[in-house]
Amino acid sequence: MTAAPEVQPDIATRRAPEPELDPAGRGRAERYTVFAFVFVPLLALAAAVPFAWGWGLTLTDVLIAAVFYLVSGLGITVGYHRYFTHGSFKANRPLRIALGVAGSLAIQGSVVKWVADHRRHHKYADAEGDPHSPWRFGDDWRSVAKGLYYAHMAWLYLDEEKTSPKRFAPDLLKDKDIVRVDKWFVPIVAFSLFGPALIGGLVTMSWWGALTAFFWGGLVRVALLHHVTWSINSICHTIGEENFEVRDRSRNVWWLAIPSFGESWHNLHHADPTCARHGVLKGQVDISARVIWMFEKMGWASKVRWPNAERLAAKRVSP
Ligand SMILES: [Zn+2]
Ligand SMILES: [Zn+2]
């Protein structure tokens with residue numbers, strides 16, 4: 001008769017979990033690069049008003065910028081966020097790849113990095129470990145002002161900590177196509193900036209048309225989308241309505257609903273993170289949810305996690 005093993009086999013073979021932070025951290029070169037990609041479009045945004053005043057704004061530029069805003073914006077909200085981070089629906093392979101590419105066009109980081117950071121945000125929302133909470137420095141107005149700036153953008157280039165993709169996005173690392181999209185991030189960024197110039201140049205058959213399309217459809221559009229997306233991390237964790245019970249300080253902010261394609265119904269999102277629709281109350285416009293509905297009708301998306309009345313009622317704060 002053999003003696004019982006000292007350690008249960010399933011325990012013996014179970015590996016220790018990956019650490020939450022990548023020990024390599026984020027070096028200066030990476031943080032300076034991000035700094036440039038945050039501030040160059042922001043300078044263009046600041047120059048946009050005098051430029052439009054002096055030289056006017058052509059319909060071609062507006063249309064190119066609008067199409068790129070729509071595709072890259074939905075790439076973030078429907079793709080990076082509701083689909084890749086939270087799995088609020090299943091997508092067929094072409095849609096899965098297209099959403100990864102469309103999200104990359106927003107120049108907010110590659111898909112694996114974005115998803116890993118955002119999953120860590122949900123795990124620790126507004127507590128220690130959250131990569132971007134406006135409350136990290138305290139509750140008095142000075143600390144909140146500093147926290148708002150940090151949560152909005154400064155964490156992108158000041159934080160030396162790096163969320164471990166192995167820990168927070170192992171599902172994406174296992175998918176060869178998604179790893180490829182992640183590796184193509186730099187050429188996709190180049191297309192996002194210079195694609196508008198190419199289109200503007202060809203439509204107007206002029207160098208000037210290429211330059212103005214680069215300015216509006218490349219730089220200004222990227223800056224606008226940056227600051228709308230980042231407002232979800234800053235403004236929607238500071239002010240707004242608490243319609244649903246949450247452990248963090250996420251809030252619903254109505255005036256950001258249209259530009260953010262429904263992402264500013266952020267209080268519901270933290271109350272029910274996998275729900276495909278964030279604007280669940282009467283009159284809460286949610287363009288991303290409508291797009292997911294269209295994908296479902298086309299047969300490209302399935303198993304959509306639409307709002308569940310019982311689940312919502314249980315979390316509703318009495319109005
Ligand atoms: Zn989320
Ligand atoms: Zn949040």
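This is a predicted model: local features need pLDDT of at least 70, side-chain atom pairs count only at pLDDT 80 or more; totals for chains, interfaces and linings use all residues.
Residues are numbered from 1 along each chain as its sequence is written, chains are lettered from A and ligands numbered from 1 in the order in which they are written, and side-chain values use heavy atoms, with hydrogens and water left out.

Donors here are N, O and S atoms within 2.8 Å of the metal (3.2 Å for Na, K and Ca); water is not among the atoms, so sites may look incomplete. The zinc ion (ligand 1) has H81 (NE2), H86 (NE2), H118 (NE2), H122 (NE2) and H269 (NE2) as its protein donors, at 2.0 to 2.1 Å. Along the chain these donors are spaced as H-x4-H-x31-H-x3-H-x146-H. Within this set, H86 in the loop between α3 (59-85) and β1 (90-91) and H118 in helix α5, 32 residues apart, form a pair that links distant parts of the chain. Helices (H or I, at least four residues) and strands (E, at least two) are DSSP runs, numbered from the N terminus. Burial is judged by relative accessible area (buried under 20%, exposed over 50%, partly exposed in between; 1.4 Å probe, protein chains only). H86 has a value of 12% and is therefore buried, and H118, at 6%, counts as buried too.

The zinc ion (ligand 2) lies 5.9 Å from the zinc ion (ligand 1). Its protein donors are H121 (NE2), H237 (NE2), H266 (NE2) and H270 (NE2), found 2.0 to 2.1 Å away. The angles subtended by these four donor atoms run from 95 to 157°, so the arrangement is irregular. For reference, four donors count as tetrahedral if all angles lie between 85 and 135 degrees; four count as square planar and six as octahedral if opposite donors are over 155 degrees apart and all others between 65 and 115; anything else is irregular. The donors of the zinc ion (ligand 2) follow the spacing H-x115-H-x28-H-x3-H. Because H121 lies in helix α5 and H270 in helix α12 (residues 266-271), this pair ties together parts that are 149 residues apart in sequence. H121 is buried at 0% relative accessibility, and H270 is buried at 10%.

Attention now turns to the spaces in the protein. On a 1 Å grid over the protein atoms alone, a cavity is a set of points where a 1.4 Å probe fits but cannot get out, and a pocket is an open set with protein on both sides within 12 Å along at least five of seven lines; lining residues have an atom within 4 Å of a point. Grid points are joined across faces, edges and corners, and a volume is the space filled by probe spheres set on the points.

The largest pocket holds about 700 Å³ of space. Its lining has 34 residues, of which I107, Q108, G109, W114 and L156 are the closest to the centre. Two or more lining residues come from each of α2 (28-55), α3, α5, α6 (141-158), α10 (185-204) and α11 (207-233), and α11 gives the most, with seven. The pocket lining comprises 16 nonpolar, 13 polar and five charged residues, where Ala, Val, Leu, Ile, Met, Phe, Trp, Tyr, Cys and Pro count as nonpolar, Asp, Glu, Lys and Arg as charged, and the others, Gly among them, as polar.

There is one cavity of 30 Å³ or more, and the largest cavity has a volume of about 80 Å³. Among its lining residues are R26, W155 and D159. Helix α5 (residues 111-124) supplies the largest share of this lining, four residues. By class, three nonpolar, one polar and seven charged residues line the largest cavity. D159 sits in the loop between α6 and α7 (165-168) and is buried at 10% relative accessibility.

A nonpolar core is a set of buried Ala, Val, Leu, Ile, Met, Phe, Trp, Tyr and Cys residues joined through side-chain atoms within 4.5 Å. The largest one has 28 residues, and V78, F84, F89, L99, V111 and L172 have the most contacts inside it. At least two residues of this core come from each of α3, α4 (93-104), α5, α11 and α13 (287-298), with the largest share, seven residues, from α3.

Finally, two loop residues deserve a look. D126, in the loop between α5 and α6, has a positive phi near 60° although it is a residue other than glycine. F261, in the loop between α11 and α12, is likewise not a glycine and has a positive phi of about 55°. D126 is buried at 18% relative accessible area, and F261 is buried at 6%.
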